[in-house]
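Colleague: I'd like to learn how to read a few features off a model. Can you walk me through some?

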Amino acid sequence: MKTINAGMLRKMFLTGAKNLELKKNWINELNVFPVPDGDTGTNMTMTIMSAATDVNELVNGSMEEICKAISSGSLRGARGNSGVILSQLLRGFTKGARDHEELDAIIITSAMQRAVETAYKAVMKPKEGTILTVAKAMAVKAQEIVEEAEEEGDLAPFFEAIVKEGQEMLAKTPDMLPVLKEAGVVDSGGQGLMTVIEGAVDAFNGKELDLTFESPAKKEEKAPEEHKEISTDHIKYGYCTEFIVNLEKPFPETEEKKMKQFLTSIGDSLVLVADEDMVKVHVHTNHPGLAFEKGLEYGSLTRMKVDNMREEHKERLFSESEKAAAARENAKNQPRKPVGFISVTIGDGMSEIFRGLGVDYLIEGGQTMNPSTDDMMKAIDQVHAETVFILPNNKNVILAANQAQALVEDCKVIVVPTKTVPQGITAMLAYNPEASAEDNLAQMQEDISLVKTGEVTFSVRDTKIDGKEIHKDDIMGIGDDGILAVGKDVKTVTLDMLKTMIDEDSELVSIYNGADFSDEDTEDLVNQITEAFPDVDVEANRGGQPIYYVVLSVE
């Protein structure tokens, strides 16, 4: 076979996507830092699956249609740095392929080179030893093959040579990035890319995978607006049943206990209140009649009421979606406000802080779930402002924000390169409504450069990094440039980490306690920090973030 048509490209793309989905957890484990939110595999999978669901529906699609679905789907669904780079590789490749009915080795090579050029342009400071290096090596190998070939050749050995080159370059990534070598892993993004490519070549060679693609999030999001069937599977008991028993015989505690046991056996959410004359019952059940019959054993019934909760759930969703649609339509007809703010946040306490600072739209994400480019674009649309500032608050979210900035055309979007939540808080504090957008960006960047951030979490595996031996379940203190402290106790590790962060210019330590670190422990930690570092002020805030016991900043 010397060429591939649109049908084969579709099959190769879907198989590559499925191969990545099947191996995403293994790729997650290749992350250098042994933190519980290592998510390269997840980010790349969600990026490519955003396109795969659309491509899957194009059973008889043309080359142009397939390429458009791959490009637009992955761009909008891109999450995390690895996902954004993957989306740019796909975007570049499809630009080079979309105008051809069939692709031969020469066209594929040209498309691969365009993919690499596009991806490198998307990264401000490209680093070798990453997914970019692996992609470039395969593109160079493809060019060598077509230059040496005397005539148009079979694609099977062409693809085999490219995959082999990619695997060899991936194996060399630890020699290019010392941090990979120390951790004993190859680059996780590069491995993700190879997983896609290997799956695609397997499809070309006839290997079959179960290409079942579901996108529940998309279906659930559209269902209320389009009045499609709404799932009520999460509602275990469908009828909210209420009644009062007018007692006609004694109802001692033993009988009350029996009635409660029976009603609990046929439902949940039971509320039973009894006095000398009557018993009031509320229960969710699939058998209201059985509940009524039980009540009749003790007397006559009154105020009987049964509501179908599944129907109420649907009606509520319809009503909410209609209200939301009306609100969106009304907002579109209103003049844009001058300035709006979007912030990525990681906990209810953090969210409350950002709201208090004037942020208009909060995107739940950050460490444990990187928001997509599409999430950013929807937020920009909701804010409805002439100028929109985005605070990514995570170095793995900045590229997605930049991609959204490039795709939005109807307003000015400014991405403030905040890498941590404390930096985002500092950026909001620096905003001056009297200054221009450009001056505000400059001031924000200057202020966030003075913020040191520390995060305390636990290790998910044994490893060695930054010269430190780390074992599974150890507590780690992670700073802006790496792991600063390792130990067995959150407070001890936090204090050890602060010893490396606080210097003679430090004035303030701000602490944000996570969901798994109590207020009492936080108060004790503040006292220990105050005692250990008497020259700095210490303030504590509820963060509520998952996974990270403590997030702190030093300014």
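Colleague: Leaving aside neighbours within four places in sequence, which residues is Lys 488 in contact with?

Modeller: Contact means heavy atoms within 4.5 Å. By that rule, Lys 488 touches Asp 474, Ile 475 and Val 493. Keep in mind that this is a predicted model, where local features need pLDDT of at least 70, side-chain atom pairs count only at pLDDT 80 or more, and totals for chains, interfaces and linings use all residues. Residues are numbered from 1 along each chain as its sequence is written, and side-chain values use heavy atoms, leaving out hydrogens and water.

Colleague: Where is Lys 488 found?

Modeller: In the loop between β13 (482-487) and α19 (490-501); helices (H or I, at least four residues) and strands (E, at least two) are DSSP runs, numbered from the N terminus.

Colleague: Is Lys 488 buried or exposed?

Modeller: Buried means under 20% relative accessible area, exposed over 50%, partly exposed in between (1.4 Å probe, protein chains only). At 69%, Lys 488 is exposed.

Colleague: And how do I read a helix pair?

Modeller: Two packed helices are described by the angle between their axes and the distance between the axes. Axes are lines fitted to C-alpha atoms, for helices over the stretch in contact, and angles run from 0 to 180 degrees between N-to-C directions. Here α5 (residues 105-122) and α6 (residues 131-148) pack at about 150 degrees, axes 9 Å apart. They are therefore roughly antiparallel (under 35 degrees is roughly parallel, over 145 roughly antiparallel, 65 to 115 roughly perpendicular, the rest oblique).

Colleague: Which residues meet there?

Modeller: Among them, Met 112 and Val 116 in α5, and Met 138 and Ala 142 in α6.
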